[in-house]
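Please examine the sequence and the three-dimensional structure shown below.

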Amino acid sequence: MNVVLLGPPGAGKGTQATKISREFGLVHLSSGDILRAERKAKTALGRQAQDYMDRGALVPDDLILSMMMDHIARPDATNGFLLDGFPRTLAQAEGLDARLAESGRPLDVVVNMEVDDADVTRRLTGRWSCPTDGRIYQEMYSPPKAAGVCDDCGSRLTRRQDDEPEVVTQRLSTYHQQTKPLVDYYSHRGLLKRVDASGTVEDVGAAMVRACRG
Ligand code: ADP
Ligand code: AMP
């Protein structure tokens, strides 16, 4: 099965992707995580992406499309993939469709996670992540057992620089202008499932598994 998770920053895509990918045996491909790894490794792509990411703008389509198609072509994705944070523009969605059609591996479902701007802003300004295993926490809704420390591996949790309030405002505006049109795009193709993502992590997870099962 090949799945896309759509939704604003902070909708809970990364949180739910872990559960869904395990449930259906999919490889989880987060464009944001891949870009952050490229930055950390100081690759040419990481350096090119840096300024866009810090401003809350989108990295150019051609860079993102070739980066994600490279991951989709890897052997671990042959049984199915879960795309998180990609595609984010109509050009990316069209490019993805064309490449997947060439390789005969079309998308099966696109899950749109619906949450309003006030909720996602609250979530993002309290997001903490584990730099070692990627586990995501929220200081009000899903805090770690000991403040600032990952429950699973004991690493010190970090905050993303782009979760500062001014950058969150910019990222949400980028989302409304460039990514939201994808809801109609996938709806016209008969692939869209809508999930109310404003509930608890458990309730949203259960609704998403139902949406993927169709
Ligand atoms: P995205 O990948 O869509 O940007 P994340 O999965 O990183 O979003 O979630 C953003 C923040 O919101 C994190 O701090 C996460 O712990 C928290 N979060 C995720 N889902 C929920 C939920 N259903 N209710 C409350 N907080 C949530
Ligand atoms: P995320 O982790 O999904 O919130 O993404 C963090 C940042 O990475 C975004 O604000 C963008 O700058 C960049 N990014 C991630 N995915 C994409 C994409 N599909 N297209 C363009 N830029 C992206």
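In this predicted model, a polar side-chain atom of threonine 15 lies 2.6 Å from an oxygen atom of ligand 1. The protein buries 94% of the 560 Å² that ligand 1 exposes when taken alone.

**Polar contacts of ligand 1**
- A backbone N or O atom of alanine 11 is found 3.3 Å from an oxygen atom of the ligand.
- For glycine 12, a polar backbone atom is 3.0 Å from an oxygen atom of ligand 1.

**The shell around ligand 1**
- There are 18 residues around ligand 1, and those that come nearest are Gly10, Thr15, Arg127, Tyr137 and Gly199.
- By class, the shell comprises seven nonpolar, eight polar and three charged residues.
- Two elements, α1 (13-24) and β6 (136-138), each give two or more residues to this shell.

**Helices α2 and α4**
- Helix α2 covers residues 31-40 and helix α4 covers residues 61-72; their axes come within 11 Å and cross at roughly 100 degrees.
- Because angles of 65 to 115 degrees count as roughly perpendicular, α2 is roughly perpendicular to α4.
- On the α2 side, the contact is made by Ser31, Ile34 and Leu35, while α4 contributes Ile64, Met67, Met68 and His71.
- Five nonpolar and two polar residues take part in this contact of α2 with α4, and no charged residues do.

How values were computed:
Residues numbered from 1 in each chain as written. Chains lettered and ligands numbered in written order. Predicted model: local features only at pLDDT ≥ 70, side-chain atom pairs only at ≥ 80, totals over all residues. Heavy atoms only, no water. Axes fitted to C-alpha atoms, helices over the stretch in contact; angles between N-to-C directions. Helix = DSSP H or I, 4+ residues; strand = E, 2+ residues; numbered from the N terminus. Parallel < 35°, antiparallel > 145°, perpendicular 65-115°, else oblique. Contact = heavy atoms within 4.5 Å. Nonpolar A, V, L, I, M, F, W, Y, C, P; charged D, E, K, R; others polar. Near = heavy atom within 4 Å. Polar contact = N/O pair within 3.5 Å; in protein donor to acceptor, adjacent residues only side chain to side chain. Areas by Shrake-Rupley, 256 points an atom, 1.4 Å probe, with all protein chains shown as cover.
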